[in-house]
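Here is a short briefing on a protein chain. Start with the sequence and the structure below, then read the points by topic.

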Amino acid sequence: MTVPSTNTDPTAPPDDQLQRPFTALEPEDVLDFADVHKRYPAMADFHARLGGTSLREVPSEPGGARILAKCEWENPNGSVKDRTAYALMADALRTHGDRPPEELRLLVYSGGKLASAMSLLGQRTGVRTRFVLMSSSPPSLLEKLRERGAEVDLVPAEGGFLQTIRASQRIAAAEPDWTLVFQHNNPVNVAIHQRTTGGEILSDLGDARPAAWLASIGSGGTFVGVLRALLGRFPDIRAIGVTPQEAPYANPGRPGGKPTYEGSGGHGYGIRQPFVKAHDDLVEGHRHVTLPRALRGMGEFFDLTGLRIGSSAAANWLAAKEVAAELPPDAVVVTVFACAGNPEQWSELGR
Ligand SMILES: Cc1ncc(COP(=O)(O)O)c(C=O)c1O
């Protein structure tokens with residue numbers, strides 16, 4: 001097995017998609033899905049209901065900058081990954097062409113929210129879906145996937161998310177009937193957030209000039225896509241990543257071990273998510289948030305506002321408050337709330 005010299009991950013396959021260099025492509029060059037919409041009205045319908053989520057002012061530190069958060073639970077399936085799922089499914093259907101949808105079998109590794117949205121699109125388009133997930137995935141998600149007719153493979157959570165990705169690569173190599181959807185290096189992932197999430201934030205902002213943009217990094221599609229959109233109008237904006245303290249972006253050493261807040265984190269072995277790696281020079285730094293702190297943040301935010309936000313949203317809120325506290329009250333910090341959390345987390349929080 002030949003592996004790239006920078007790769008210290010003994011479980012990486014040859015020509016690892018996770019470590020292939022990434023070059024962003026412009027949204028107009030990769031997001032033409034007119035033919036897919038014609039062939040699959042369900043995709044056109046989902047697209048029509050996607051996005052247009054509100055950018056709300058949320059509680060900040062006294063005397064600090066204002067914080068605006070893009071509220072992504074307003075998407076049709078309840079999370080920011082609805083946008084990613086739409087783009088990845090549309091891309092796969094475009095490649096599949098005019099062959100019958102039941103001949104397409106998509107294999108998707110996911111932290112949960114992407115699987116949820118892709119299972120809905122699979123059900124509506126007639127495409128078979130199979131999800132590779134961590135064994136710690138919430139029962140409410142597994143039940144939803146089964147209801148929608150998806151197959152599920154669970155990978156022991158102790159290996160971290162990296163072993164979920166590696167398991168999906170091994171399945172794809174052994175079972176070529178399944179097409180692996182590799183969210184970490186598909187240009188449509190960044191492009192959809194550049195065009196829609198970022199484009200909407202630009203118009204939601206009106207005359208406001210944001211000083212900083214913060215987002216939690218899973219694949220990095222949201223963080224980097226929105227950053228690319230914002231840089232077009234605000235070339236001096238500060239970009240700050242948010243990652244779990246237990247598994248920060250680019251963390252060296254063996255992955256896994258400790259659970260993290262949802263949908264985000266470094267992979268271990270010094271691996272950098274390709275989208276972020278390609279933009280490292282534009283990123284000021286990363287803020288780290290522990291799982292217990294993010295869970296407490298969900299409760300604090302709920303008590304203050306009556307709104308339910310998920311753990312990655314809470315991590316973004318806490319990091320945004322830190323940054324806002326260092327800025328004057330007329331400054332604006334922008335972030336994203338990926339989802340509203342899951343029933344298991346809310347019952348653990350007793351709310
Ligand atoms: C809840 C949640 N927040 C944030 C993210 C990060 O999104 P991205 O993959 O665009 O970096 C994810 C990704 O799955 C997620 O599930």
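The model is predicted.

- At the interface, 36 residues of domain 1 are in contact with 30 residues of domain 2.
- Three salt bridges are counted between domain 1 and domain 2.

**A salt bridge in detail**

- Arg 83 and Glu 72 form a salt bridge.
- The closest N and O atoms of Arg 83 and Glu 72 are 2.7 Å apart.

**Strand S7**

- Strand S7 spans residues 210-216, and six of its seven residues are buried, so S7 is largely enclosed by the rest of the structure.
- S7 pairs with strand S10 (residues 332-337) in the parallel sense, over three bridges.
- Pro 210 has Val 332 as its bridge partner in S10.
- S7 also pairs with strand S8 (residues 238-244) in the parallel sense, here over five bridges.
- Ala 215 has Gly 241 as its bridge partner in S8.

**The helix between S7 and S8**

- Helix H9 covers residues 221-233.
- Together, S7, H9 and S8 make a β-α-β unit, and this unit is right-handed.

How values were computed. Residues numbered from 1 in each chain as written. Predicted model: local features only at pLDDT ≥ 70, side-chain atom pairs only at ≥ 80, totals over all residues. Heavy atoms only, no water. Buried < 20%, exposed > 50% of the residue type's maximum accessible area, 1.4 Å probe, protein only. Helix = DSSP H or I, 4+ residues; strand = E, 2+ residues; numbered from the N terminus. Pairing = 2+ DSSP bridges. Right-handed = clockwise from strand over helix to strand, strands pointing away. Contact = heavy atoms within 4.5 Å. Salt bridge = Lys/Arg side-chain N within 4 Å of Asp/Glu carboxyl O.
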